[in-house]
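This report covers salt bridges, strand pairing, a helix residue and a pocket. Keep the sequence and the structure in view while reading.

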Amino acid sequence: MTTNFRDSIKGEFATDSRFSIDLRPWGASFILWVDHSNYSKIVQTSRFAFMFAGNVAVIDQWKNAIRAAESDPNAVIWNTLAVN
């Protein structure tokens with residue numbers, strides 16, 4: 001679960017640093033979570049800032065693509081990125 005906060009009037013937003021995984025499909029009877037990780041779900045460019053929630057592998061893919069596009073706007077084929 002991720003908590004995202006956006007104040008459009010002030011132009012501010014924040015996310016938590018929690019990640020979780022449901023272990024019930026593997027026979028465990030619980031959900032494991034890590035709170036206060038050092039992983040940022042926000043990436044900022046010279047013109048924009050983006051905040052994410054979801055699968056960390058997908059977030060990484062998007063963060064890397066955004067950084068690549070900052071250097072070369074034609075470097076990324078956006079419709080090939082995962083959206084899960």
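## Salt bridges

Lys41 and Asp16 form a salt bridge through their side chains, with an N to O distance of 3.1 Å. Lys41 sits in the loop between strand S4 (31-34) and S5, and Asp16 sits in the loop between strand S2 (12-15) and strand S3 (19-22), so the pair ties together parts that are 25 residues apart in sequence. The model is predicted.

Are these two partners buried or exposed? Lys41 has 1% relative accessibility, so Lys41 counts as buried. Asp16 has 19%. The cut-off for buried is under 20%, so Asp16 counts as buried too.

How many salt bridges does a search of the whole structure find? The search gives two. Besides the Lys41 and Asp16 pair, Arg24 forms a salt bridge with Asp22. Their closest N and O atoms are 2.8 Å apart. Asp22 is partly exposed, at 29% relative accessible area.

Strand S1 (residues 4-7) and S2 run antiparallel. Four bridges join them. Two pairs can be picked out here. Asn4 stands opposite Thr15 in S2. Asp7 has Glu12 in S2 as its bridge partner.

Four residues lie between the strands of this hairpin. Gly11 takes a positive phi there, near 70°.

## Ile59 in helix H1

Ile59 belongs to helix H1. Its relative accessible area is 3%, so Ile59 is buried.

Which residues does Ile59 touch, leaving out those up to four places away in sequence? The contacts are Tyr39, Phe52, Ala53 and Gly54. Ser40 gives a further reference point: its C-alpha atom is 9.8 Å from that of Ile59, and the two residues are 19 apart along the chain.

## The largest pocket

How much space lies in the largest pocket? The volume is about 210 Å³. The lining consists of Thr45, Arg47, Phe48, Phe50, Trp62, Ile66, Ala69, Glu70, Pro73 and Trp78. By class, seven of these are nonpolar, one is polar and two are charged. Helix H1 (residues 56-71) supplies the largest share of the lining, with four residues.

Thr45 is one of the lining residues. Thr45 lies in the loop between strand S5 (42-44) and strand S6 (49-51). With 14% relative accessibility, Thr45 counts as buried. Beyond residues up to four places away in sequence, Thr45 touches Phe50, Ile66 and Glu70. Phe50, Ile66 and Glu70 also line the pocket.

## Points to locate in the view

- Lys41 and Asp16: the salt bridge at 3.1 Å, N to O.
- Arg24 and Asp22: the salt bridge at 2.8 Å between the closest N and O atoms.
- Gly11: the positive phi in the hairpin of S1 and S2.
- Ile59: the buried residue in helix H1.
- Thr45: the buried residue in the loop between S5 and S6.

How values were computed: Residues numbered from 1 in each chain as written. Predicted model: local features only at pLDDT ≥ 70, side-chain atom pairs only at ≥ 80, totals over all residues. Heavy atoms only, no water. 1 Å grid on protein atoms, 1.4 Å probe; cavity = no way out; pocket = protein on both sides within 12 Å on 5 of 7 lines; lining within 4 Å. Points joined across faces, edges and corners; volume = space filled by probe spheres on them. Helix = DSSP H or I, 4+ residues; strand = E, 2+ residues; numbered from the N terminus. Nonpolar A, V, L, I, M, F, W, Y, C, P; charged D, E, K, R; others polar. Buried < 20%, exposed > 50% of the residue type's maximum accessible area, 1.4 Å probe, protein only. Contact = heavy atoms within 4.5 Å. Salt bridge = Lys/Arg side-chain N within 4 Å of Asp/Glu carboxyl O. Pairing = 2+ DSSP bridges.
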